[in-house]
Amino acid sequence: MVGPTWKGLYGHEVELEDGTTVIADEAYLIESIKDPGAKIVKGFPAGAMPPYGAILTDEDIIDIVAYIRSLAGE
Ligand code: HEM
């Protein structure tokens, strides 16, 4: 897979390249979609994911976050 899986992502801890961790809540997912370079997931290349802030509307992004949330069974 090119990017990290969305399965079980929502609400769980994500290890970042800089050694810190973050909980994948709505704010983190929205940021990761709009500005993927802000927090790089450990083991994945920086700059691989294009920023979607200018491509998707805020409504699109909220829908995708709801979908990612549904994959975690929440
Ligand atoms: C609508 C399209 C996309 C959405 C909604 C999306 C969403 C996300 C999210 C939420 C993360 C953080 C995941 C985590 O914390 O485990 C992520 C990371 C990542 N995505 Fe995407 N992605 C999209 C398209 C793409 C595409 C087209 C690529 C590559 C061609 C890509 C490559 C990556 C990579 C390499 C990461 C990990 C590095 C980083 O944190 O920037 N994504 N993506």
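## Before you start

The model is predicted: local features need pLDDT of at least 70, side-chain atom pairs count only at pLDDT 80 or more, and totals for chains, interfaces and linings use all residues. Residues are numbered from 1 along each chain as its sequence is written.

## The overall fold

The chain has 2 helices and 2 strands, and from the N terminus the order is β-β-α-α. Helices (H or I, at least four residues) and strands (E, at least two) are DSSP runs, numbered from the N terminus.

The C-alpha atoms fill a box of roughly 30 × 30 × 20 Å along the principal axes. Of the 74 residues, 9% count as buried, meaning that 20 or more other C-beta atoms, placed from the backbone, lie within 10 Å of the residue's own.

## A look at Tyr10

Tyr10 sits in the segment before strand 1 (13-15). Tyr10 is buried because 22 other C-beta atoms lie within 10 Å. Tyr10 and Arg69 are 59 residues apart in sequence, yet their C-alpha atoms are 5.2 Å apart in space.

## Around the ligand

The ligand has 19 residues around it, of which Gly3, Pro4, Phe44, Ala48 and Met49 come nearest; a residue is near a molecule if its C-beta atom, placed from the backbone, lies within 6 Å of it. Helix 1 (residues 26-34) gives the most to this shell, with 3 residues.

Note on methods: Buried ≥ 20, exposed ≤ 12 C-beta atoms within 10 Å, placed from the backbone.
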